[in-house]
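Subject: Structure for your files, with notes

Dear colleague,

I am passing on the structure below, together with the notes I made while going through it. Please read the two side by side.

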Amino acid sequence: MASRLFLQIPCAAKRFLTFNPVLRAAQCTMGTLKGIPTDDEQATGLERRALQAFKKGQDPYSILKPKEYAGTKEDPHIVPCIGTKRLVGCVCEEDNTAIVWFWVHEGNPQRCPSCGSYYKLIHTQLPQ
Ligand SMILES: [Zn+2]
């Protein structure tokens, strides 16, 4: 009786694997793929464009933390922009709860009206 049951289990398992469509689909995908795809292989749309820009050393969508600048006339805060002006918020002191908002226009560096830090608008282009 026990030997008969033992002999029937492999047949039952084989039948289950053959006729179960979910397991058969899983066996097909595991057999055709060459491992887990990377982010570069499976990214699409905006995420793909951002990853390609990162490889070139660019950050067109301001995803990464911005570089720190002194805010002086010689080393102004860089404001990337695709137009000719951009609204900038300056937290003048580290523990300020109010933000000073002002427009930075293309051209010479401009000063924050409250603390006097310099901001310079740099024209950038979004990746195609
Ligand atoms: Zn300020």
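This is a predicted model: local features need pLDDT of at least 70, side-chain atom pairs count only at pLDDT 80 or more; totals for chains, interfaces and linings use all residues.

Residues are numbered from 1 along each chain as its sequence is written, and side-chain values use heavy atoms, with hydrogens and water left out.

The chain contains four helices and five strands (DSSP runs numbered from the N terminus, helices being H or I of at least four residues and strands E of at least two), and along the sequence these follow the pattern α-α-α-α-β-β-β-β-β. Of its 128 residues, 16% count as buried (under 20% relative accessible area, with a 1.4 Å probe and protein chains only). Where contacts (heavy atoms within 4.5 Å) join residues at least 6 apart in sequence, 34% of them link residues at least 24 apart.

Three of the strands make up an open sheet with mixed pairing, in the order β1-β5-β4 (two strands pair if DSSP finds at least two bridges between them). Its edge strands, each pairing on one side only, are β1 (77–81) and β4. The pairing of β1 with β5 is parallel and runs over five bridges, and Val 79 stands opposite Leu 121 in β5.

The zinc ion has as its protein donors the SG atoms of Cys 90, Cys 92, Cys 112 and Cys 115, lying 2.3 Å from the ion (donors are N, O and S atoms within 2.8 Å of the metal, or 3.2 Å for Na, K and Ca; water is not among the atoms, so sites may look incomplete). The angles subtended by the four donor atoms are 105 to 113°, which makes the arrangement tetrahedral (four donors with all angles between 85 and 135 degrees). The donor residues are spaced C-x1-C-x19-C-x2-C in sequence. Cys 92 lies in the loop between β2 (85–90) and β3 (100–105) and Cys 112 in the loop between β4 (110–111) and β5 (118–123), so this pair ties together parts that are 20 residues apart in sequence. Cys 112 is buried, with a relative accessible area of 3%.

The structure holds one aromatic pair (ring centres of Phe, Tyr or Trp, the last by its six-membered ring, within 6.5 Å; planes under 30 degrees apart are stacked, over 60 edge-to-face and the rest tilted). Phe 102 and Tyr 119 form this edge-to-face pair, at 5.4 Å centre to centre and with 70° between the planes. Since Phe 102 belongs to strand β3 and Tyr 119 to strand β5, the pair ties together parts that are 17 residues apart in sequence. Both Phe 102 and Tyr 119 are buried.

Key. Buried means under 20% relative accessible area, exposed over 50%, partly exposed in between (1.4 Å probe, protein chains only). Four donors count as tetrahedral if all angles lie between 85 and 135 degrees; four count as square planar and six as octahedral if opposite donors are over 155 degrees apart and all others between 65 and 115; anything else is irregular.
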